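Please take a moment to look over the sequence and the model before reading on. The paragraphs below go through it step by step.

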Amino acid sequence: MVQYSASVDRAFAALADPTRRAVLERLGAGSATISELAEPFGMSLTGMKKHIRLLEEAELVTTEKVGRVRRCTLVPYAFEGISTWLQRLDRFAHVVERTKGAR
Amino acid sequence: MNETTVTKPSELEIRVERVFDAPRAHVFSVWTDPQLIPEWWGDGTVVEEMDVRAGGTYRFRTAFGVVQGEYHEVEPPERLVQTFQNHVQTLVFEDLGEQTRMTQTMRFATTEERDTTMNYGVEEGAKGGFARIDEVLRKIAA
């Protein structure tokens with residue numbers, strides 16, 4: 001069984017908010033500064049910083065100060081754990097099953 | 001659901017073995033079909049590039065970031081060597097008649113990197129959690 005760590009609880013809490021989900025979706029298309037993220041939501045920089053801090057604490061987003069602006073990036077897949085991969089293989093097995101005989 | 005085994009054949013490697021209930025050519029074709037990638041990589045995954053031949057590259061934009069690599073050897077339906085982010089994967093598809101055994105060997109540059117991948121999710125539970133989040137995001141996207 002999967003053991004849920006504190007960081008996973010934080011991740012779920014972070015995902016409970018629609019703005020933060022939209023931020024993750026936006027970051028899926030590439031990194032962005034806090035102001036670039038705040039603008040489409042009509043949000044203040046302070047408000048967006050709070051959202052980003054929660055996403056950072058949930059280990060979903062990393063930020064880096066570049067000059068005077070803070071750039072936000074999705075945590076990359078570089079160190080994907082083996083258990084994530086095994087769950088993906090389960091999904092792969094389902095696709096193999098579903099498409100069997102169809103070609 | 002068939003059992004998956006995970007072993008550490010050397011200081012730099014992780015090996016994943018699994019048997020699928022389908023002929024080898026089919027398993028290989030599903031693995032290399034860009035149209036089916038979003039189904040097992042998570043809804044919302046966009047295949048930006050997938051040129052399945054030696055020297056070709058792939059690039060998927062997933063819910064959690066970009067995944068990319070290069071194909072080194074492509075020998076349907078039995079062998080595929082590709083880079084995946086920070087490591088090299090060798091996939092061997094073994095013909096068992098109506099079943100196929102897939103052996104996936106991941107080779108890392110250092111034992112630390114190997115152990116990071118091995119331990120994430122297994123001991124910390126963190127990455128298992130990310131897989132759960134992936135499921136949540138798929139439901140949100142649906």
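Which residues have the most contacts inside the largest nonpolar core? This is a predicted model, and in it that core has 17 residues, with Leu55(A), Leu60(A) and Val61(A) having the most contacts inside it. The elements that each give two or more residues to this core are helices H1 (6-15), H2 (18-27), H3 (34-38) and H4 (45-57) of chain A, together with strand E3 (69-74) of chain A. H4(A) gives the most, with four residues. As a general background, nonpolar side chains tend to be buried together in soluble globular proteins.

Chain A contains five helices and three strands, and from the N terminus on they follow the order α-α-β-α-α-β-β-α. Of the 103 residues in chain A, 29% are buried. If one takes the contacts in chain A between residues at least 6 apart in sequence, 51% of them join residues at least 24 apart.

Two of the helices in chain A can be followed in more detail. In H2(A) the buried residues are Arg20(A), Val23(A), Leu24(A) and Leu27(A). Looking down the axis of H2(A), one finds these buried residues within an arc of 100°, and therefore they line one face of the helix. How are two packed helices described? In general, the description uses the angle between their axes and the distance between the axes. The axes of H2(A) and H4(A) come within 10 Å and cross at roughly 75°, which means that H2(A) is roughly perpendicular to H4(A). Where these helices meet, Thr19(A), Arg20(A) and Val23(A) belong to H2(A), while His51(A), Leu54(A) and Leu55(A) belong to H4(A).

Which residues are buried in helix H1 (residues 24-31) of chain B? They are Arg24(B), Val27(B), Phe28(B), Val30(B) and Trp31(B), and because they fall within an arc of 160° when seen down the axis of H1(B), they line one face of the helix. The cover over these buried residues includes helix H5 (82-99) of chain A, along with strands E2 (13-20), E7 (87-95) and E8 (100-107) of chain B.

Other places in chain B deserve a look. Glu112(B) is found in helix H3 (residues 111-119) of chain B, and Glu112(B) counts as exposed because it has 9 C-beta neighbours inside 10 Å. The C-alpha atoms of Glu112(B) and Leu12(B) are separated by 8.5 Å, although these residues are 100 residues apart along the chain. Pro77(B) lies in the loop between strand E5 (65-75) and strand E6 (79-84) of chain B, and a cis peptide bond, with omega about 0°, joins Pro76(B) and Pro77(B). In general, most peptide bonds are trans.

Finally, the confidence scores should be kept in mind. The model scores ipTM 0.83 and pTM 0.64. Chain B averages a pLDDT of 84, and 80% of its residues score at least 70. Over residues 122-130 of chain B, however, the pLDDT is below 50, and this stretch has 30 contacts in the model beyond near neighbours in sequence.

Conventions. Residues numbered from 1 in each chain as written. Chains lettered and ligands numbered in written order. Core = buried A, V, L, I, M, F, W, Y, C linked by C-beta atoms within 7 Å. Buried ≥ 20, exposed ≤ 12 C-beta atoms within 10 Å, placed from the backbone. Arc of directions from axis to C-beta. Contact = placed C-beta atoms within 7 Å. pLDDT = per-residue confidence, 0-100. Axes fitted to C-alpha atoms, helices over the stretch in contact; angles between N-to-C directions. Parallel < 35°, antiparallel > 145°, perpendicular 65-115°, else oblique.
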